[in-house]
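Open the model in your viewer and keep the selection tool at hand.

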Amino acid sequence: MTLVAGVDSSTQSCKVVIRDAESGALVREGRAPHPDGTEVHPDHWWTALQSAIEQAGGLADVAAVSVGAQQHGMVCLDEDGEVVRPALLWNDTRSAGAATDLVAELGGPKAWAEAVGSVPVASFTVTKLRWLAANEPDNARRTRSVCLPHDWLTWRLAGRPGTITTDRGDASGTGYWSPATGEYRTDLLELAMGRVPELPRVLGPAEQAGTAEQGGALLAPGTGDNMAAALGVGMRPGDVVVSIGTSGTAFAVAEGPSADPSGAVAGFADATGRYLPLVCTLNAARVLDAAARMLRVTPQELSDLALRAPAGADGLVLVPYLEGERTPNRPDATGSLHGLRLGNSTPEHLARAAVEGMLCGLADALDALGLEPQRVLLIGGGARSEAVRRIAPTVFGRPVLVPTPGEYVADGAAKQAAWLLSGDPEPPVWDTGATERYEADPTSGLRERYHEAAQE
Ligand SMILES: Nc1ncnc2c1ncn2[C@@H]1O[C@H](COP(=O)(O)OP(=O)(O)O)[C@@H](O)[C@H]1O
Ligand SMILES: O=C(CO)[C@@H](O)[C@H](O)COP(=O)(O)O
């Protein structure tokens, strides 16, 4: 049996799956937590990766490895390859002002959408580099090269060779690489930080990134976590995936690049040579964590409570902007409760309002894609909640399909590793198991009440 390993180094944790390259059967797995916060030293990712690999039985018998990781994070390296400062993550909003300035300086949102497929908000690496240049000029001066979380981990697995690599998917989240042309826009880096640092070489899908220093496994290019999830789920044309992790994302696979001047849809590239239009919110599974904390219940109890309350929570609306928000672009917003009355001030109503509020944000993301999906697939840690699965169709106004809960980002990375080994023109097709279908009537007036509350 030939084994491949896939890594998901996402916001809250690192997961490793080891699968049979031929059938995709799961052989071993491991996981380790990441520290909290929106600014994290990459060494923590490395430590978590080592312990997740150890828990998964090591890589000695693995033929190829691929790393999927949270998108956008700014990793700055000095001339010795040492990390200059903790990485600013995708959900760090301190560069919101830098984003506004950069958008204006290039001539507005349309100019950015045309240049790189996306209008940068605080999540995008380019805005973090502007923030660095303006606020930490010494660190900016010491920065010889800039890369992303998956680039850095792949480079570390390879034993820190001379060249750092990335892939189309992750490069498309920087704000200085164009999915339409496949080229870096170094002029935009010049605009952001006054000079052009060294950048990773952008590999094609299934192009080898190197060889692991320990054990000698081939290293696949890796990619951003959403691109890896698209591979892992085995998305078909007409599918939209809604992922409920730390971020909430809605995305589809497209044959051509996109450029949405409203900024809602990021025009990313995917990991197969195609494209991945995506809408991202900052507030998803952790809204449920926060509600469970406030109610002093477990996630399972939160789900039970939410399902005991009436649809629409008798008018109680939770606007879930606990981390500010990215779509809509409201980096300084906070969460709020609306419509509180004596009759709906119960744990059941609050639990329901948290699930519905989080899903209303995702319903807007789904709508913003502007597609008429044939299937909506729900994945990510939050999709493990029974309440989320059963309430989603009442908010989205359409049925949802839930694949067997699993690690689809790590699975997609493992699939990319198997693809590298096969040398085939397309990634392998693995049996991803059954999906469960959830269908329910839409809750009347819920999204209207949410929109009204979110405006305030
Ligand atoms: N049964 C559950 N009910 C509700 N939330 C859950 C459940 N299981 C996991 N989660 C939540 O999922 C989140 C982690 O999801 P994951 O997709 O792994 O995130 P990320 O990839 O961003 O690190 C956590 O916030 C966790 O609380
Ligand atoms: O910023 C985005 C997408 O543009 C996020 O989706 C990050 O890629 C983090 O993902 P998770 O840790 O939530 O999976």
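Predicted model: local features only at pLDDT ≥ 70, side-chain atom pairs only at ≥ 80, totals over all residues.

**Stop 1: a helix pair**

Select residues 96-106, helix α2, and residues 125-135, helix α4. Their axes come within 9 Å and cross at roughly 105°. Angles of 65 to 115 degrees count as roughly perpendicular, so α2 and α4 are roughly perpendicular to each other.

Now show side chains. On α2, pick Ala98, Ala99, Asp101, Leu102 and Glu105. They meet Val126, Thr127, Arg130 and Trp131 of α4. Colour the residues of this contact by class: 5 are nonpolar, 1 is polar and 3 are charged.

**Stop 2: the largest pocket**

Centre the view on Gly245, Ala285, Gly380, Gly381 and Gly382. Of the 42 lining residues, these lie nearest the centre of the largest pocket. The space inside is about 930 Å³.

Which elements each supply at least two residues of the lining? Select β2 (13-20), α9 (225-233), β19 (275-281), α10 (285-295), α11 (299-308) and α14 (408-422). By class, the lining of the largest pocket holds 20 polar, 13 nonpolar and 9 charged residues.

**Stop 3: the second largest pocket**

Move to the second largest pocket, with about 440 Å³ of space. It has 22 lining residues, and Gly234, Met235, Arg236, Arg274 and Pro427 are the closest to its centre.

Keep α9 selected. This helix gives the largest share of the lining of the second largest pocket, 4 residues. Here the lining divides into 13 nonpolar, 3 polar and 6 charged residues.

Note on methods. Residues numbered from 1 in each chain as written. Chains lettered and ligands numbered in written order. Heavy atoms only, no water. Axes fitted to C-alpha atoms, helices over the stretch in contact; angles between N-to-C directions. Parallel < 35°, antiparallel > 145°, perpendicular 65-115°, else oblique. Contact = heavy atoms within 4.5 Å. Nonpolar A, V, L, I, M, F, W, Y, C, P; charged D, E, K, R; others polar. 1 Å grid on protein atoms, 1.4 Å probe; cavity = no way out; pocket = protein on both sides within 12 Å on 5 of 7 lines; lining within 4 Å. Points joined across faces, edges and corners; volume = space filled by probe spheres on them.
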